[in-house]
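Student: Hi! Could you walk me through this structure? I'd like to start with a ligand site.
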Amino acid sequence: MENEKILEIKDLHTGFRFEDKYFDAVDGVSFSLYKNELLAIVGESGCGKSTIANSIVGLHDKNHTRVSGEIIYDDENVVNYSEEQFNKIRGKDIGFIFQDPLASLNPLHRVGEQIKEALIYHTDLTKEQRHERMLYLLGRVGIVNPERTARQFPHELSGGMRQRVLIAMALSCKPNIVIADEPTTALDVTIQAQILDLLSELQNEIHAGIILITHDLGVVAQMADRVAVMYAGQFVEVAEAKELFRNPLHPYTRSLLHSIPQSDAVGAELNVIQGMVPSLKNLSRDGCRFAPRIPWIPDSEHEKNPILHQISRDHFVRCTCWENFHFENEGGC
Amino acid sequence: MSFLEVNDLKVHFPVRGGFFNTIQDYVYAVDGVSFKIDEGKTYGLIGESGSGKTTIGKAIVGLEKPTAGEILYYGQLVNKKRLRKKLGYNKEVQMIFQDVLSSLDPRKRIRDIIAEPIRNHEKLTKEEEMKRILTLLDIVGMPSDALFKYPHEFSGGQRQRIGVARAVALNPKLIVADEPVSALDLSVQAQILNFLKKIQKDFNLSYIFISHDLGVVKHMCDYIYIMHRGRFVEAGTREDIYNNPQHIYTKRLIAAIPEVDAENREEARIKRIKVEQEYSEKESIFYDENGKVFDLVPISDTHYVAIKNKEDLGYVENSIA
Ligand SMILES: Nc1ncnc2c1ncn2[C@@H]1O[C@H](COP(=O)(O)OP(=O)(O)O)[C@@H](O)[C@H]1O
Ligand SMILES: Nc1ncnc2c1ncn2[C@@H]1O[C@H](COP(=O)(O)OP(=O)(O)O)[C@@H](O)[C@H]1O
Ligand SMILES: [Mg+2]
Ligand SMILES: [Mg+2]
């Protein structure tokens, strides 16, 4: 049961249309998610993390987006599901939590009604049972006075309370999969810690597989079982969390870790990654995508068509440039 | 040497309502804080959102009128526009805003945005002004073709640098930096932080560095104030605050930081739960019956804690062990 695969993504490509051409923001991503597992996807903004999330739950505007590859859920490829088909699984089998709870909640409806609505759609509870369950859920996510909060409108709640409500909604139907896209980025650290602890606790209860998207390596270190580091539409490194922090290999992973203010080198100059994440249209699709940001590494170190190499049982790294990588100020070795 | 001194600063905002739109209550955004600023030093102001950090910053640069208390610049009061003008205070004390985009006029080109403070305070010829602007762009590492672009044409990191260029344009003594890197990605954040440190060295600048990121504050600041409910709960050097936190609020804040350490996460979680528990148990030692933070009392030459009875600290420490 521990290793039950609940979601499999194969060669996912999601492109956005600019005029008459599509540019892939997610460019050949494959991974599996297991029951009871927390997989973190980490990378700087613009790397394509949210695009993966939105592809899985079918939230893209179909007129401007092209999705291909396979998203296999319950033995079915849902990539080309219609809106109605997605509606059946969204919220029931797959719960999602986004960064801005205000945008995900209807400002005109009371919080309690919104939770009950999901229950109408996905369960056959009676009206009274739905009300009971809604109050139970609010209490379960740590809302002190569920009766009162249920009658409030989203804007009347603090950011932390809203995120709790969203978690209550996402988990209302005991989903197998939870996708949380930067769920605590807008919150204070103390509230963030509470929300993340709540998420872990609920996971232990319903055994869902969670995809946690974040740009915060601290959050990854505290939460993840497995980590995928994403750069320019691709995974560049995938490893178990402890392994990744003990033995980071890809130059992008190492550069990110190096630019965090570290407690053991207080005040020292921080590592800066040269250049920036390329925009979709300017992204060169040939060769190692991180190469322009480590120009002191000779071309010969990179693979022509970088693939993810298996380094050990649970550790994968893209390209070959990690093997002799050094930071610019370290000199070659 | 301190050049700026803030004594018992209060900023209260009236809450109006009712039929006659009368004042019903006050938001005690800043409710009695005191501190001094020395040359070339960086002071951190940390606390959760709503604790009053931005309001302190705005009061210092004169954008918010204090309800009570005094701000002294080289011993002179600067609470009135006229006084600030006389002392050239507005030139010497600048602010970098959290939300740069909204602080930059979208219809103005970068050239005019950076020139604005210069035009307000100095009389330069067109050539002198251009020379100064180009130097500033160079200092913040922006190409000269940025001059004729508009704010929206830049990335978040670049806009933040434009905000910095504008703030340093008049060679100020003090910059209030309000969450200058909160919206930025790690590598861009690193760039701005390095850069703020560099110009500090070059110009002997002082910073009041406002942030909710304790890692960033630790990296940047010599001296740190922890804020809660409009008041300081603790003040001390980096070592005092991080190695020997005394106020339960500080402990809670530090325990909540997600450390980049995957090995000890279970210990971190247990610690967090313990600190949360302590927080609810010890509330009456650290806050009065109305939830107000006590006055700061010294526990060493550099370290101050807001507590009613200093003796209770011993009690608190013993009870943790
Ligand atoms: N709806 C859209 N239309 C066009 N481009 C988009 C759209 N959504 C995202 N993008 C682009 O796709 C890339 C990846 O974006 P996103 O998935 O939001 O990244 P992340 O979540 O990692 O910050 C970025 O270059 C972004 O500008
Ligand atoms: N102009 C204003 N009018 C009324 N209340 C305000 C005003 N500015 C700030 N406040 C309130 O003062 C408190 C402190 O705000 P602020 O200084 O922005 O906190 P921080 O920067 O620490 O997040 C908050 O409760 C905020 O809502
Ligand atoms: Mg995103
Ligand atoms: Mg603020």
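**Ligand sites and their surroundings**

Tutor: Happy to. The shell around ligand 1 divides into 5 nonpolar, 5 polar and 2 charged residues. Bear in mind that this is a predicted model.

Student: Which residues are around ligand 1?

Tutor: They are A:Phe16, A:Phe18, A:Ala25, A:Glu44, A:Ser45, A:Gly46, A:Cys47, A:Gly48, A:Lys49, A:Ser50, A:Thr51 and A:Leu280. S1 and helix H1 (49-56) of chain A each supply at least two residues of that shell.

Student: And which element gives the most to the shell around ligand 1?

Tutor: H1(A) does, with 3 residues.

Student: What lies 2.5 Å from an oxygen atom of ligand 1?

Tutor: An N or O atom in the side chain of A:Thr51. A polar side-chain atom of A:Ser50 is 2.8 Å from an oxygen atom of ligand 1, and a backbone N or O atom of A:Cys47 is 3.2 Å from an oxygen atom of the ligand.

Student: How much of ligand 1 does the protein bury?

Tutor: Ligand 1 exposes 560 Å² when taken alone, and the protein buries 62% of that.

Student: OK, over to the other site. Which residues are around ligand 2?

Tutor: This shell is in chain B: B:Phe13, B:Val27, B:Ala29, B:Glu48, B:Ser49, B:Gly50, B:Ser51, B:Gly52, B:Lys53, B:Thr54 and B:Thr55. By type, the shell around ligand 2 has 3 nonpolar, 6 polar and 2 charged residues.

Student: What about polar atoms and distances there?

Tutor: B:Thr54 has a polar side-chain atom 2.7 Å from an oxygen atom of ligand 2. For B:Lys53, a polar side-chain atom lies 2.9 Å from an oxygen atom of ligand 2. B:Gly52 uses its backbone instead, with an N or O atom 3.0 Å from an oxygen atom of the ligand. Ligand 2 taken alone exposes 560 Å², of which the protein buries 59%.

Student: Which elements give two or more residues to the shell around ligand 2?

Tutor: Strand S2 (22-38) and helix H1 (53-61) of chain B. H1(B) gives the most, with 3 residues.

Student: Is that helix, H1(B), largely enclosed or exposed?

Tutor: Largely enclosed by the rest of the structure, because 7 of its 9 residues are buried. The buried residues of H1(B) are B:Lys53, B:Thr55, B:Ile56, B:Gly57, B:Ala59, B:Ile60 and B:Val61. B:Lys53 is also in the shell around ligand 2. After H1(B) comes B:Gly62, with a positive phi near 90°.

Student: Which residue other than glycine has a positive phi near 45° in chain A?

Tutor: A:Asp11 has one. A:Asp11 sits in strand S1 (residues 5-18) of chain A, and at 42% relative accessibility it counts as partly exposed.

Student: And what about B:Glu179?

Tutor: B:Glu179 is not a glycine, yet its phi is positive, about 45°. B:Glu179 belongs to the loop between strand S7 (174-178) and helix H8 (186-203) of chain B. Its 6% relative accessibility makes B:Glu179 count as buried.

Student: Zooming out, how many helices and strands are in chain A?

Tutor: Chain A has 11 helices and 12 strands. Its C-alpha trace spans about 70 × 50 × 40 Å along the principal axes.

Note on methods. Residues numbered from 1 in each chain as written. Chains lettered and ligands numbered in written order. Predicted model: local features only at pLDDT ≥ 70, side-chain atom pairs only at ≥ 80, totals over all residues. Heavy atoms only, no water. Near = heavy atom within 4 Å. Polar contact = N/O pair within 3.5 Å; in protein donor to acceptor, adjacent residues only side chain to side chain. Areas by Shrake-Rupley, 256 points an atom, 1.4 Å probe, with all protein chains shown as cover. Helix = DSSP H or I, 4+ residues; strand = E, 2+ residues; numbered from the N terminus. Nonpolar A, V, L, I, M, F, W, Y, C, P; charged D, E, K, R; others polar. Buried < 20%, exposed > 50% of the residue type's maximum accessible area, 1.4 Å probe, protein only.
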